[in-house]
Amino acid sequence: MIQPADIREWRDRAVVDDQGRKIGSLEAIYVATANDEPSMATVRTGMPTRQKLVFVPVDDAIVGPGYVKVSYDRSLVKKAPSIGTDDILPAEQEGTIFQYYGKPYQAAVGERRLARR
């Protein structure tokens, strides 16, 4: 599990799937606003001129030397909801990410459940 104090240290590290295949590079961690615990990560994927940030849950992530291993298959993560590298996640789109991974989502109307760290 990624600890909040370690988040900045792991930026730009490789993110790998449950079989060790590289998905991309860790861009940011989003924490749950209710408890400030890491919830999602954005992973930079794509060609250098056409990159995007895909979301992946980090609830079961394992941090190793130079990598963060998530418990999801690379093909699933690469098709996940994404944003542009200079974009922010609109609050009304948070639920879509949780739904994609089959995770429960509940936030009050207009409130954010995730905050970028």
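These legends accompany several close-up views of a predicted model of a protein chain.

**View 1**
Welcome to the overall picture. Starting at the N terminus, the elements follow the order α-β-β-β-β-β-β-α-β-α-β. The protein chain has 117 residues, and 41% of them count as buried. Its accessible surface is about 6,700 Å², with 47% of that area belonging to carbon and sulfur atoms. If we look at contacts between residues at least 6 apart in sequence, 50% of them join residues at least 24 apart.

**View 2. Arg 11 and Glu 27 joined by a salt bridge.**
The count of salt bridges in this model comes to six, and this view shows the one between the side chains of Arg 11 and Glu 27, with 2.6 Å from N to O. Arg 11 sits in the loop between helix 1 (7-10) and strand 1 (14-16), while Glu 27 belongs to strand 2 (residues 22-32), so the pair ties together parts that are 16 residues apart in sequence. Are the two partners buried or exposed? Arg 11 has 41% relative accessibility and therefore counts as partly exposed. Glu 27 has 10% relative accessibility, so Glu 27 counts as buried.

**View 3. Glu 27 again, here with Arg 44.**
Stay with Glu 27 for a moment and look towards another partner. Glu 27 forms a salt bridge with Arg 44, and their closest N and O atoms are 2.9 Å apart. This pair links distant parts of the chain, with Glu 27 in strand 2 and Arg 44 in strand 3 (residues 38-47), 17 residues apart.

**View 4. A network of salt bridges.**
Which residues are linked in this network of salt bridges? They are Arg 11, Asp 12, Glu 27 and Arg 44.

**View 5. Arg 21 and Asp 17 meeting in a salt bridge.**
Our last view turns to another pair. The side chains of Arg 21 and Asp 17 meet with 2.7 Å from N to O. Asp 17, with a relative accessible area of 0%, is buried.

How values were computed
Residues numbered from 1 in each chain as written. Predicted model: local features only at pLDDT ≥ 70, side-chain atom pairs only at ≥ 80, totals over all residues. Heavy atoms only, no water. Helix = DSSP H or I, 4+ residues; strand = E, 2+ residues; numbered from the N terminus. Buried < 20%, exposed > 50% of the residue type's maximum accessible area, 1.4 Å probe, protein only. Contact = heavy atoms within 4.5 Å. Areas by Shrake-Rupley, 256 points an atom, 1.4 Å probe, with all protein chains shown as cover. Salt bridge = Lys/Arg side-chain N within 4 Å of Asp/Glu carboxyl O.
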